Amino acid sequence: MTYSTLLVEIAAGIATITLNRPERLNCFNRAMVTEFRELWSRLRADSDVRVIVLRAAAGRAFCSGVDVKEGWRAPGEELTPFDQEDPGEWLGPKSNKVWKPLIVAVHGMAAGGAFYWLNEADIVICSEDATFFDPHLKFGKISAVEPIGAMGRIPLQEITRMVLMADTERICAQTALRISLVTEVTPLDTLWTRAHELAALIAQRHPVAVQGSIRAIWEAQSLRAPKR
């Protein structure tokens with residue numbers, strides 16, 4: 001599989017996807033969004049793939065969100081607040097009915113639209129240098145998808161603090177672990193290795209049982225009453 005914004009490798013039942021725009025902090029543009037949509041379709045149908053690892057090219061960021069210079073919409077597409085498709089419909093595996101487990105390995109900054117992947121991950125780990133934040137309010141934009149998607153992971157007060165503090169405060173790796181945004185913190189130089197170790201363990205399980213379990217868990221989220 002050859003893409004302009006992604007690197008994709010498949011071996012031993014594991015598909016490893018690397019966001020590959022380090023010069024732009026691995027932010028997503030129209031090309032990346034459309035490439036993910038095509039990639040999820042391929043991986044969903046590929047019986048050789050049992051687990052997916054998502055990581056990002058080395059540099060300052062895992063992903064800084066949407067490319068603010070290019071955007072993600074097609075050239076000339078009219079911009080209105082509520083009647084356009086959301087990029088998460090293309091970027092996230094669960095949104096594309098991919099029930100193969102997703103492990104996300106975060107280094108550096110994970111900001112704004114990076115939560116499209118964090119919110120649809122089954123396991124998130126990060127390196128010691130990782131930081132998480134949502135800058136929407138800095139730009140006078142509504143923060144919705146990111147905090148709503150995080151509601152099943154972290155406490156409400158942590159979500160509202162992240163939204164309200166915008167870019168003036170970042171969640172460090174240890175805080176992310178404490179609030180269950182991530183499940184494990186590793187040194188930077190072992191991050192990718194650890195993600196692959198977890199994936200290899202899961203790849204040994206029966207794929208129907210694994211994917212059926214993941215699907216049941218995720219589809220049940222819509223049945224849960226919101227906590228008060």
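1. C27 counts as buried in this predicted model, because its relative accessibility is 2%, under the 20% limit for that class. A search of the whole structure finds zero disulfides. A disulfide would need the two sulfur atoms within 2.5 Å.

2. C126 also counts as buried, at 0% relative accessibility. Its sulfur has that of C172 as the closest cysteine sulfur, at 8.8 Å, which is too far for a bond.

3. Strand β7 covers residues 123–127, and four of its five residues are buried, so the strand is largely enclosed by the rest of the structure.

4. β7 pairs with two strands treated here. With strand β5 (residues 102–106) the pairing is parallel and runs over four bridges; A105 has I125 of β7 as its bridge partner. With strand β10 (residues 184–186) the pairing is again in the parallel sense, over three bridges. There, S127 is bridged to T186 of β10.

5. The largest nonpolar core has 46 residues. The members that touch the most others are L19, F36, F62, V106, W117 and F132. Helix α1 (residues 30–45) supplies the largest share of this core, with six residues. A further core of 13 residues lies apart from it; V53, I103, L191 and I202 are among its members. As general background, nonpolar side chains tend to be buried together in soluble globular proteins.

6. F36 deserves a separate entry. Leaving aside neighbours within four places in sequence, F36 is in contact with L6, I17, L19, L54, W90, L91 and W117. Two of these contacts, L19 and W117, are named with F36 among the core residues that touch the most other members.

7. M1 sits in the segment before β1 (6–11). Its relative accessible area is 36%, so M1 is classed as partly exposed. For R42, the separation from M1 is 41 residues in sequence, while the C-alpha to C-alpha distance is 9.5 Å.

Key. Residues numbered from 1 in each chain as written. Predicted model: local features only at pLDDT ≥ 70, side-chain atom pairs only at ≥ 80, totals over all residues. Heavy atoms only, no water. Buried < 20%, exposed > 50% of the residue type's maximum accessible area, 1.4 Å probe, protein only. Pairing = 2+ DSSP bridges. Core = buried A, V, L, I, M, F, W, Y, C linked by side-chain atoms within 4.5 Å. Contact = heavy atoms within 4.5 Å.
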